[in-house]
Amino acid sequence: MLSKKLKRNLSGNHQSADNVQEEPTAKETELGSAITSNLFSVPLWQKLYDVEIRMNTELRELQFSAPVSAVYNPIEYASELHCAYMRKFLNDRKHIVLVGMNPGPWGMCQTGVPFGYIPAIRDWMRLEGNVEKPPGELSVRPVEGLNCTRAEQSGQRFWGLFESLCGPPENFFENCFVYNLCPLAFFHSSGRNITPAELKVEIFFNRHRETEASGDLQQKPRRGNKSPGTSNYHLNWTLR
């Protein structure tokens, strides 16, 4: 009786084993994990751009009184060049982040790149992209993208220095990244550039806000900490 029962169990186990697929090998498991990781990983530049898009939604709600007549946001209308810059050079963690104040009329306003001296953007960094017209464009402050013939003097000095020191841009951006504290440019009706320090209206949040993208990008707006080139406000970018 016992021998018959054992035979039935062994026979059933053998049949069920034939219907079970073979276990994946270690190599197949490793390959599958790599594919899954690539499908769901988000590049660092994309995380920052997602933060910018969310912040732009809040920036559009801000109201500015005289003497501000026009407000340009090149992150929006020059998004192709702006994203080309970040896609190419914000591809890994950075040890140094150099922070500028806000877009200049002949630099980032034209290119979407901080200190956007056009020869440096076009010929040194080798960036390309279309630039649209900003809403409420002033005739005395036209946006022409890479076709603009005016030069951003600060950008010429800034990028010219690092080109002379580093050679190819990849050498500079291996450890460094350049970003602006404020993405907005402010203009008087005459075309005069208005710096954030000249604004009479508080445009910063009443409380500290912390925006985090997947644990890799953390933005902390802080008021009251002065640092070179950032007027009365300091933005601490932590790229972990």
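How many helices and strands does the protein have?

## Overall content

The model is predicted. The protein contains nine helices and eight strands. Of its 240 residues, 37% are buried.

## The three-stranded sheet

Three strands form an open sheet in the order β1-β4-β5, and their pairing is antiparallel. The edge strands, β1 (70–72) and β5 (193–194), each pair on one side only.

Strand β4 covers residues 185–187 and pairs with β1 in the antiparallel sense over three bridges. In one of the residue pairings between these strands, Y72 has A185 in β4 as its bridge partner.

## Packing of α3 and α5

Two packed helices are described by the angle between their axes and the distance between the axes. For helix α3 (residues 44–59) and helix α5 (residues 79–89), the angle is about 145 degrees and the axes are 9 Å apart. The crossing of α3 past α5 is right-handed.

On the α3 side, the residues in contact are W45, L48, Y49 and E52; on the α5 side they are S79, H82, C83, M86 and R87. Sorted by class, this contact comprises five nonpolar, two polar and two charged residues.

How values were computed. Residues numbered from 1 in each chain as written. Predicted model: local features only at pLDDT ≥ 70, side-chain atom pairs only at ≥ 80, totals over all residues. Heavy atoms only, no water. Pairing = 2+ DSSP bridges. Helix = DSSP H or I, 4+ residues; strand = E, 2+ residues; numbered from the N terminus. Buried < 20%, exposed > 50% of the residue type's maximum accessible area, 1.4 Å probe, protein only. Axes fitted to C-alpha atoms, helices over the stretch in contact; angles between N-to-C directions. Left-handed = near helix turned anticlockwise from the far one by under 90°. Contact = heavy atoms within 4.5 Å. Nonpolar A, V, L, I, M, F, W, Y, C, P; charged D, E, K, R; others polar.
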